[in-house]
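Student: Hi! Could you walk me through this one, a bit at a time?

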Amino acid sequence: MNLKNMLCRNVSGVIMTKIEVICGFLESGKTTLIQHILEQDYIEQYRRILILQCEEGMTEFRASTMKNKNVVLTQIEGPYKIRAKLFAKIRDELEPDLILVEYNGTWPIEKLLCVNLPVDYKIDKILFCSDASTFELYMKNTGILMLNQLNNVDAVFFNRCDGNFNTLKADVKNNNRQAELLFSDKSADQYLATFLKPEEIQKENHIHNRNRVGAVISLVCIYLIILAIPLYYNAFSFIKSANMIFIGILMQAVPFLLIGAFVSAFLQVFVPDETLVRIFTRHKWLGFPLALILGFFFPVCDCGIVPIASRLTQKGVPLPQAMVFMLAAPAMNPVTILSTLYAFPGQPQYALCRIGLGALVALLAGFVLSVMHTKSENVLTAFSTATCSCASVTSGIQNSGMKGKIESVFLIAGQEFFNMGRFIVIGSLACSILQQSIPVSFFGGTGAKVVLPIAIMLLAAFFMSVCSTSNAFIGRSFLNVFPTTAVMGFIVMGPMLDLTNLFMMSSSFKKKFIMRLIVILIAIAFPVFLLFSALLKGGTL
Amino acid sequence: MKQRGNSELLFQVVICFVLSALFVYALISGKASAYIHPRLYGLLWFAAAALFAIAVFMLRFAFTPKHNARPLKSILLIVPIITAVIIPVGVVQSRAISFGTSTSRQNASSFVQSATSSQDKGVVIPDSASSEDDIGIDISSSSSSSSSSSSTVPQEDKNGVMTISDEQFAKWYTDINQNMKKYEGKTIKLKGQVFRMSTFAKNEIVPARYAMVCCAADLQPCGILCRSDAVSQYKDNDWVWVTGKIKIENYQNQTMPVCYVTKIEKADKAKEDYIYFTY
């Protein structure tokens, strides 16, 4: 008893009453779960347990098998009853130290979250119970109702599982990345113990406290470092230089990223999945040229094309076509074509070669992917950016006409921006530091041969991650050191294989697939550019 | 007390507003020119507006409580905000120079790219730049010609000196590399920052201007090779006025214009840190 009191105190020494919420639809096994909890050995350490039942369960509680003899059951008839008064009354009359809420699956969870709880009451965990066999059915048909609860839960407990974990996993993770997934009674028991078993709670608290101390220390360190920068001002011109590049890349990328996010959100809200898929799959091979041509109509920088391509894949457009679109769009982009024309004044053949080679490499990559029968389901991460990850935000407005739709476009675009934003920050940071620390001479010095310069230029393109609209100018400056083919390789492959883009892709595609794509692209690029240089016979364009 | 609302979303709203405000500030104060090409300003305005709109729309939902909100989800986006605010605008230093753009149909495209040993001598140039370049410009050629014909190729004045104003540098640079012959034997006067590479002889410098094509990541020094014994007294990155005669020479296997300096003197830094190629 003594031990318990010690554990449930919060920092200020007040004994906390924990509220555990178990939600889910009728017959999802909520009552059974609560009964199961009450049958655990550790439950006897609680002084008084209150069960708030928000609906009449099919199963009855059996007091005989409960380990704690001081369990009170209260029924709540309607959502209007859930308010501050209810908890104040509970506090005064019952003084429980654990409240288990069996929450009605059709009541919005905010109802409970908004309640002004007494100071020493806190909502600890929210669990979601579901019958594995009917989960997907409910997911499709109840829409917002279920998503609303699912978005707020800490764990999902699946009953009656029969092995098909992956779809369930994807469904949950799409909406709630943090949620713990419990497929078996054993894992559920372990999870329950972490927050209900007093000994475990103590352990958790210890870890928590240690983490907190660690976080504070590291924050202080970062703060000191930041303070130190202006002091060593001139010595740190490297940092300043890198920062200029870092911010520069971000400032030019953010607008394009936003355009991409808006196009992607627009596709999500206004274009039904079937239409897009039909367009791309009407004919077996027609999808590829279509993907190429589409690239021309998306005047988006390569950083904006990644969210669009991910969206297309998620919508069900076959992966090869979506990849052709992603790879070719930067080369077909009218802005890029224009910049190439400017970079090589009076030499339109460079722009033509760029388009031709870009399309060729993209098509070959698409062809390889389709021959390999790579399926979209296997390459998208379970929690890919946006299938409905924004549902938590948009759930309230999905059905409310044009105004609501426009609102969702903005909200989804915002979510997309934040999802991709993280990766573009990492990418441009890495790229700015690399660009400042690897001297250009590293890439220079080797001119004559054919294979090595191409490899070096591809490497340079990969690490420099310059925008497709400007890399023609950078490539141009390499013309004297490297043969034309290698520079062409730099210009064409740069937007396809670059660090920033790969980081961004990793937000929606599996790492394994990205690795495979890199290998495919390199495997294609070498023969193509070797052939190209053979055709030129070493001459310039 | 209990936290109300969705801290995750609220945090994102704040980031959107701050980013939007920073963009607008950079645009209005003109600091954006140190990071990106002015042609991208429109896009940046768009980005600021879009972020603002997104923040406004999100704000509406930021007060619906969420149980397991993770406000730190978007913490990475703070990094650029912090570095942008804390680390002031500096100058990106390049280590290599490329001479000239390709000479149209000449087969040997004239490019040199090699590395200097001195890397990253980032110099702090104060923001309070003098707006007038008063040294060494006679009124006739500076104020009148640069204002009226800022985008055109410079012409010779009555003394036979071709003065290249700051605004004309980009145009002139493109022109001299495309039509070298036109400039042969002419006397030019131009301003730039002293730039040296390890391969240079003692009497060689390039009075270079840093050119931005897209953003700060692709800054490149642009200029022509100058020879004079007097150059050694100027340090790297000093601003100088250089007057000299153009000769076409073969330098490291490429034909390019070389300026034989008759006069070199200290100059104030140009109003704009960089030059921008426009098309």
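Predicted model: local features only at pLDDT ≥ 70, side-chain atom pairs only at ≥ 80, totals over all residues.

Student: Which residues are linked in a network of salt bridges?

Tutor: B:Asp166, B:Lys191 and B:Arg209 are linked in such a network. A salt bridge here is a side-chain nitrogen of Lys or Arg within 4 Å of a carboxyl oxygen of Asp or Glu.

Student: Okay. How many salt bridges are there over all chains?

Tutor: The search of the whole structure finds 16. One of them joins A:Asp120 to A:Arg91, with the closest N and O atoms 3.1 Å apart.

Student: Why does that pair tie together separate parts?

Tutor: A:Asp120 sits in the loop between helix H4 (110-113) and strand S5 (121-131) of chain A, and A:Arg91 is in helix H3 (residues 84-93) of chain A, so the bridge joins parts that are 29 residues apart in sequence. Helices (H or I, at least four residues) and strands (E, at least two) are DSSP runs, numbered from the N terminus.

Student: And is A:Asp120 buried or exposed?

Tutor: A:Asp120 counts as buried, at 12% relative accessibility, whereas A:Arg91 is partly exposed at 37%. The cut-offs are under 20% relative accessible area for buried, over 50% for exposed, and partly exposed in between (1.4 Å probe, protein chains only).

Student: What about chain B? What does B:Glu204 meet in a salt bridge?

Tutor: B:Glu204 meets B:Arg227, at 2.8 Å from N to O. B:Glu204 lies in strand S3 (residues 204-212) of chain B and B:Arg227 in strand S5 (residues 225-227) of chain B, so this pair ties together parts 23 residues apart in sequence. Both B:Glu204 and B:Arg227 are buried.

Student: New topic: rings! How many aromatic pairs are there over all chains?

Tutor: The count is 12. One is B:Phe17 with B:Phe52, an edge-to-face pair at 5.3 Å centre to centre and 65° between the planes. B:Phe17 is in helix H1 (residues 7-29) of chain B and B:Phe52 in helix H2 (residues 41-59) of chain B, 35 residues apart.

Student: Where do the words for the pairs come from?

Tutor: Rings of Phe, Tyr and Trp (its six-membered ring) pair if their centres lie within 6.5 Å; planes under 30 degrees apart count as stacked, over 60 as edge-to-face and the rest as tilted. As for cover, B:Phe17 is partly exposed at 28% relative accessible area, and B:Phe52 is partly exposed at 43%.

Student: Why is the pair of B:Phe169 and B:Tyr173 called stacked?

Tutor: The ring centres of B:Phe169 and B:Tyr173 are 6.5 Å apart and the planes are at 15°, so they count as stacked. These two are 4 residues apart in helix H5 of chain B, which separates them by about one helical turn. B:Phe169 is buried at 2% relative accessible area, and B:Tyr173 is buried at 2% as well.

Student: How many residues of helix H5 of chain B are buried?

Tutor: Helix H5 (residues 169-178) of chain B has 7 of its 10 residues buried, so mostly covered. Among them are B:Trp172 and B:Ile176.

Student: Back to chain A. Where is A:Ile19?

Tutor: A:Ile19 is in strand S1 (residues 17-23) of chain A, and it is buried, at 0% relative accessibility. The C-alpha atoms of A:Ile19 and A:Ile126 are separated by 8.8 Å, although the two residues are 107 apart along the chain.

Student: Which residues form one aromatic cluster in chain A?

Tutor: That cluster is A:Phe135, A:Phe158 and A:Phe183.

Note on methods. Residues numbered from 1 in each chain as written. Chains lettered and ligands numbered in written order. Heavy atoms only, no water.
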